[in-house]
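Look through the sequence and the model before reading on. The paragraphs below go from the overall layout to one pair of helices and then to the core.

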Amino acid sequence: MISKRLEAILNEEAGKVDIPHRSHADMVQRFQYLRRSRLLPKSRGKHAQHLNLSEIVSGILSLSTVKPGYSATAAIILKKL
């Protein structure tokens with residue numbers, strides 16, 4: 001699975017559950033924070049690179065916060081538990 005596809009799937013699934021409405025821009029910001037923290041491949045050419053299991057888990061765990069700015073921190077902490 002590539003990063004953009006994971007982003008789209010998580011955005012779609014987050015809209016189905018009973019959590020505050022999140023826009024597409026919110027999900028884009030979350031993935032940008034994950035890239036900055038090196039939890040996802042960073043460079044442009046690597047957007048087409050397949051993600052490993054740890055990177056997919058980071059993407060999923062980034063949904064645990066209300067604010068996108070804390071998504072990378074939450075993913076790091078939750079992965080260590």
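The protein has four helices and zero strands, where helices (H or I, at least four residues) and strands (E, at least two) are DSSP runs numbered from the N terminus. Along the sequence this gives the pattern α-α-α-α. This is a predicted model, in which local features need pLDDT of at least 70 and side-chain atom pairs count only at pLDDT 80 or more, while totals for chains, interfaces and linings use all residues. Residues are numbered from 1 along each chain as its sequence is written, and side-chain values use heavy atoms, with hydrogens and water left out.

Of the 81 residues in the protein, 35% are buried; buried means under 20% relative accessible area, exposed over 50% and partly exposed in between, with a 1.4 Å probe and protein chains only. Contact means heavy atoms within 4.5 Å. Among contacts with a separation of 6 or more, 61% join residues 24 or more positions apart.

Helix H2 (24–36) has 13 residues and reaches 19 Å from its first C-alpha to its last, close to the 18 Å expected at 1.5 Å a residue. That expected span is 1.5 Å times one less than the number of residues. Asp26, Met27, Arg30, Phe31, Leu34 and Arg35 are buried in H2, and their cover includes H1, helix H3 (53–61) and H4. After H2 comes Arg38, with a positive phi near 65 degrees.

How do H2 and H4 pack? Their axes are 8 Å apart, at an angle of about 60 degrees. H2 is therefore oblique to H4, since angles under 35 degrees count as roughly parallel, over 145 as roughly antiparallel, 65 to 115 as roughly perpendicular and the rest as oblique. Arg30, Tyr33 and Leu34 of H2 make the contact with Ser71, Ala72 and Ala75 of H4.

Ser71 lies in helix H4 (residues 71–80). Is Ser71 buried or exposed? Ser71 counts as buried because its relative accessibility is 0%. Beyond residues up to four places away in sequence, Ser71 touches Arg30, Tyr33, Leu34, Ser62 and Thr65.

The largest nonpolar core has eleven residues, among them Leu34, Ala72 and Ala75. Such a core is a set of buried Ala, Val, Leu, Ile, Met, Phe, Trp, Tyr and Cys residues joined through side-chain atoms within 4.5 Å. H1 (3–16), H2 and H4 each give two or more residues to this core, and the largest share, three residues, comes from H2.

Methods: Axes are lines fitted to C-alpha atoms, for helices over the stretch in contact, and angles run from 0 to 180 degrees between N-to-C directions.
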